[in-house]
Amino acid sequence: MRMVYEMARRTMSLLPHWSSRVSSVELNGTPFYFSTQEKHRGEEVPRVFRGNDGRCYSLLVCSSDTIRRAKFYAELKDKLLTNLPPECHLSPMCSFLPNIKDSLLKGYFLKDTSESSSPTERLLRDLTQRDPVLVCSYLRGETGGVWTQHLWSDGDNHTMQMPKDYYVVPAEAPEHHPSTLNIINSDVFYSFEEAYQVLEKCGDIIPEARAVLELLPSREEARRKPDFPVIVIEGLDATGKTTLTESLRDALGASLLRSPPHCLSPMRARFDREPPLIRRAFYALGNYITAVQIGQEGMKTPVIVDRFWHSTAAYAIATAVSGPVCNLPAEGSEVYCWPSDLLQPSLVVCLTLDPEERRRRLRDRGQGKTEEEQELDHNQLFRLKVEKAYQRISGPACVTVDASPPADLVLQQVLLLIRGKCHL
Ligand SMILES: Nc1ncnc2c1ncn2[C@@H]1O[C@H](COP(=O)(O)OP(=O)(O)O)[C@@H](O)[C@H]1O
Ligand SMILES: Nc1ccn([C@H]2C[C@H](O)[C@@H](COP(=O)(O)OP(=O)(O)O)O2)c(=O)n1
């Protein structure tokens with residue numbers, strides 16, 4: 001009974017906006033946009049539905065519980081790939097209110113060309129009964145090749161027409177790419193409190209979350225400005241951050257810190273396996289712990305920091321935004337703003353490196369890489385998005401330094417920047 005109520009509540013909360021929603025299906029990396037309307041005459045059907053496509057379904061993950069939504073979306077693909085007949089083809093899909101923040105629902109579009117619809121429909125019906133997912137099926141009308149969308153109910157073995165069947169019509173690409181709509185407080189957190197709440201809600205399902213919460217400082221401590229300058233070194237893996245930060249420490253008699261701080265190392269691998277909402281909240285909170293350490297060390301000496309909030313925000317944004325670099329939120333977007341309750345460094349230097357030289361250094365170093373760094377290596381687009389996001393972050397903007405010269409020359413150049421900006 002509770003489940004039926006929950007389904008009804010989820011569905012009803014969508015209905016006022018259902019007909020204003022636009023869906024995007026990504027086929028071979030290219031999005032096709034479509035919406036639905038009650039009346040339709042003579043309009044073309046979108047290409048996604050053309051030809052002998054088989055039976056089509058959409059699955060959208062929706063729950064007001066953000067942790068459940070994030071966890072289930074991460075599980076859904078495996079669940080579908082494991083249980084669907086091999087003739088089923090899955091494509092990433094989303095539904096959104098154009099240019100409206102926080103309106104994105106993510107899921108999959110499913111084409112089934114198997115002979116019998118029964119196994120697939122049985123699985124989808126089970127999902128609607130147990131999991132936070134809305135299923136629609138698409139049917140071709142008898143005349144004119146017009147497609148209708150049917151929103152399923154659960155439990156009654158029928159496709160339910162709720163509130164009516166909708167016709168599928170092509171839609172314009174929105175001004176803001178849908179993957180940018182939910183970044184705030186799902187991928188990037190702009191206050192201690194927002195990130196804290198995510199980990200607090202995870203305490204029951206992830207024991208490591210409780211361990212992180214116990215290490216956290218008070219809100220005020222993370223903003224305290226120290227007497228000495230604070231210099232953050234940023235850049236992709238293998239651009240020379242470790243080499244440079246150690247040389248700067250020696251040259252300036254500075255303290256060297258990093259984010260995430262060492263005390264979070266035992267929990268990091270666990271959070272790297274979690275969906276973005278939880279993973280990014282972990283890294284966000286790491287910055288606040290580092291900020292307190294900066295506040296303490298910075299009363300005695302200058303402080304050099306290996307990665308800080310620029311890394312947290314840039315990697316999160318680049319992962320969240322699908323497609324080409326132009327899909328990133330434009331320069332000046334609030335997405336790039338520095339959290340108001342986090343200490344601002346005196347200078348942020350971002351090391352850049354030609355991709356070929358970076359690959360050479362990674363090879364020479366011969367170390368294992370995180371999955372994300374392997375992805376960076378393979379995925380030029382992702383690397384470009386991280387670098388672009390680095391440049392757009394405001395608060396303390398980052399000064400880009402070419403890291404291809406020998407290490408001692410890079411050191412000299414950064415020392416010049418520090419002396420110019422921080423009067424050391
Ligand atoms: N300026 C440089 N020129 C040539 N090699 C460098 C330079 N800086 C660092 N390296 C080498 O490149 C590799 C990656 O450097 P590292 O400092 O570990 O990068 P990061 O900390 O950014 O991952 C190391 O093997 C290091 O010795
Ligand atoms: N302050 C930080 C530091 C790292 N991160 C995230 C961003 C990426 O997912 C990884 C990159 O860290 P990684 O340990 O691979 O980088 P280095 O080896 O230190 O160059 O960690 C973060 O979100 N916030």
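Ligand 1 is surrounded by 15 residues in this predicted model, the closest being Gly240, Lys241, Thr242, Thr243 and Arg361. A residue belongs to such a shell if its C-beta atom, placed from the backbone, lies within 6 Å of the molecule. Helix H6 (241–252), helix H10 (355–365) and helix H13 (407–422) each give two or more residues to the shell around ligand 1. Helices (H or I, at least four residues) and strands (E, at least two) are DSSP runs, numbered from the N terminus. By class, the shell around ligand 1 holds 5 nonpolar, 5 polar and 5 charged residues. Here Ala, Val, Leu, Ile, Met, Phe, Trp, Tyr, Cys and Pro count as nonpolar, Asp, Glu, Lys and Arg as charged, and the others, Gly among them, as polar.

Ligand 2 also has 15 residues around it. The closest are Ser259, Tyr283, Ser311, Thr312 and Tyr315. At least two residues of the shell around ligand 2 come from each of helix H8 (276–297), helix H9 (309–320) and helix H11 (371–378). This shell comprises 4 nonpolar, 6 polar and 5 charged residues.

Residues are numbered from 1 along each chain as its sequence is written, chains are lettered from A, and ligands are numbered from 1 in the order in which they are written. As the model is predicted, local features need pLDDT of at least 70 and side-chain atom pairs count only at pLDDT 80 or more, while totals for chains, interfaces and linings use all residues.

The protein chain is divided into domain 1 (2–180) and domain 2 (192–422). These bounds come from an automatic or database domain assignment. Domain 1 brings 9 residues to the contact and domain 2 brings 11. Two residues are in contact if their C-beta atoms, placed from the backbone, lie within 7 Å. On the side of domain 1 that touches domain 2, 4 residues are nonpolar, 4 polar and 1 charged.

Helix packing was examined next. H4 (residues 192–202) and H8 pack at an angle of about 125°, with their axes 9 Å apart. Axes are lines fitted to C-alpha atoms, for helices over the stretch in contact, and angles run from 0 to 180 degrees between N-to-C directions. H4 and H8 are therefore oblique to each other. Angles under 35 degrees count as roughly parallel, over 145 as roughly antiparallel, 65 to 115 as roughly perpendicular and the rest as oblique. H4 contributes Phe192, Ala195, Tyr196, Val198, Leu199 and Cys202 to the contact, and H8 contributes Leu277, Ile278, Ala281, Phe282, Ala284, Leu285 and Tyr288. The contact of H4 with H8 has 13 nonpolar, no polar and no charged residues.

H4 also packs against H5 (residues 207–215), at about 135° and with axes 8 Å apart. That angle makes H4 oblique to H5. Leu199, Glu200 and Cys202 of H4 touch Ala209, Val212 and Leu213 of H5. By class, 5 residues of this contact are nonpolar, none polar and 1 charged.

H5 and H7 pack at about 135°, with their axes 10 Å apart. Glu208, Ala211 and Val212 in H5 meet Met267, Arg270 and Phe271 in H7. This contact has 4 nonpolar, no polar and 2 charged residues.

Two backbone features complete the description. The peptide bond from serine 259 to proline 260 is cis, with omega near 0°. Proline 260 lies in the loop between strand E10 (255–258) and helix H7 (265–272). Asparagine 99 has a positive phi, near 60°. Asparagine 99 sits in the loop between strand E4 (88–96) and strand E5 (105–112). Most residues other than glycine have a negative phi, and most peptide bonds are trans.
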